[in-house]
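Hi everyone, thanks for making the time today. I'd like to walk you through one model, with the conventions spelled out as they come up.

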Amino acid sequence: MGRKTVSFSAAATMASLALAVSGVDSGAALAQTLDSGAARIASQVLDEAQSALDLADVKAPETNGDTAAQIAQAEPEPIVFTQNAVVQDVTPAQTTPATRAAASSLGELVALVDGEKQLDDELRCLAGAVYFESRGEPLAGQLAVAQVVINRSGDRRWPGSYCGVVYQRAQFSFVRDGRMPQIKTSSAAWERAKAVARIAHDRMWESEAGDAVYFHAKYVRPRWSRVKTRTAEIDTHIFYR
């Protein structure tokens, strides 16, 4: 039973007692006073009940179908995991597939590669090794020499750059006092060496030397060659890994 209901019942009980004790006249006056108070209480109860109904009407839309749909739309989408591995293209940026595809031989590819393009220091070191070690060799032999330098630069046993490999002490006989001899830059041999260096660096043509990291001329037989695995023999050079 609510507070207002208790107050109204108490007022009615007091009115009854007053009528019984005080008589008709005074009881009538008291009843009138109590009826007026009870009326006010009843009016307040009705007002509060109406306010409660109005409040319920205002809050009612919060639970309607539209709001439920909005809540459902606000829920985060489920995470979807893909089973396919993401493969990154590891082809060097300087590789030119169209040029490679247009050549049917290493000689044609060398002719197609732009030898006039400026070389950075690393490619110049690589081209220098090709020029001094193998400019008299066939193109396959020149490419193999370049491949050895590249393979060494990727092996922890040697420096991690082309110049580091070429200038490493007691590795290439053409290097004297840490310097490379002067190159005849106007020669066709230098143009070929530059093209071969680019082809090897950009992996545009597979070398017969494979994963070789050593080579020597046929007319010598170093002791280390006895414990190495031969990968190729091209003209006057033998290559090992």
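Before any packing angle comes up, here is how axes are drawn: an axis is a line fitted to C-alpha atoms, for helices over the stretch in contact, and angles run from 0 to 180 degrees between N-to-C directions. Helices (H or I, at least four residues) and strands (E, at least two) are DSSP runs, numbered from the N terminus.

Now the housekeeping. This is a predicted model, so local features need pLDDT of at least 70 and side-chain atom pairs count only at pLDDT 80 or more, while totals for chains, interfaces and linings use all residues. Residues are numbered from 1 along each chain as its sequence is written, and side-chain values use heavy atoms, with hydrogens and water left out.

Let's start with the overall layout. The chain has 9 helices and 3 strands, and along the sequence they follow the pattern α-α-α-α-α-α-α-α-α-β-β-β. Of the 241 residues, 34% are buried, where buried means under 20% relative accessible area, exposed over 50%, and partly exposed in between, with a 1.4 Å probe and protein chains only. Contact, for us, means heavy atoms within 4.5 Å. Among contacts between residues at least 6 apart in sequence, 62% join residues at least 24 apart.

Next, helix packing. Two packed helices are described by the angle between their axes and the distance between the axes. Let's take α6 and α7: they pack at about 135 degrees, with axes 9 Å apart. How does that angle get its label? Angles under 35 degrees count as roughly parallel, over 145 as roughly antiparallel, 65 to 115 as roughly perpendicular, and the rest as oblique. So α6 and α7 are oblique to each other. As for handedness, a crossing is left-handed if the near helix is turned anticlockwise from the far one by less than a right angle, and right-handed if clockwise. α6 passes α7 in a right-handed crossing. On the α6 side we have Leu126, Ala129, Val130, Glu133 and Ser134, and they meet Gly141, Gln142, Val145, Ala146, Val149 and Ile150 in α7. That set divides into 7 nonpolar, 3 polar and 1 charged. The classes here are Ala, Val, Leu, Ile, Met, Phe, Trp, Tyr, Cys and Pro as nonpolar, Asp, Glu, Lys and Arg as charged, and the others, Gly among them, as polar.

α6 also packs against α9, at an angle of about 120 degrees and with the axes 8 Å apart. These two are therefore oblique as well, and the crossing is right-handed. From α6, the residues are Leu123, Arg124, Leu126, Ala127, Gly128, Val130 and Tyr131, meeting Ala189, Trp190, Ala193, Lys194, Val196, Ala197, Arg198 and His201 in α9. By class, that is 10 nonpolar, 2 polar and 3 charged.

And what about α7 with α9? The axes of α7 (residues 139-153) and α9 (residues 188-201) come within 9 Å and cross at roughly 55 degrees, which makes α7 oblique to α9. Their crossing is right-handed. Leu139, Gln142, Leu143, Ala146 and Ile150 of α7 touch Arg192, Ala193, Val196, Ile199, Ala200 and His201 of α9, and these residues split into 8 nonpolar, 2 polar and 1 charged.

Let me zoom in on Gly128, which sits in helix α6. Gly128 is buried, with a relative accessible area of 0%. Beyond its neighbours within four places in sequence, Gly128 contacts Phe174, Met180, Ile183 and Trp190. Ile183 is 55 residues away in sequence, yet 7.8 Å from Gly128 in space, C-alpha to C-alpha.

On to the covalent link. With a disulfide taken as a pair of cysteine sulfur atoms within 2.5 Å, the count comes to 1. Cys125 and Cys163 form it, with their sulfur atoms 2.1 Å apart. The torsion about their S-S bond is about 95 degrees, so the disulfide is right-handed. It links distant parts of the chain, Cys125 in helix α6 (residues 121-134) and Cys163 in helix α8 (residues 162-166), 38 residues apart. Both Cys125 and Cys163 are buried.

Ala170 is exposed at 76% relative accessible area, and Asp177 is exposed at 81%.

That's my tour, and I'm happy to take questions.
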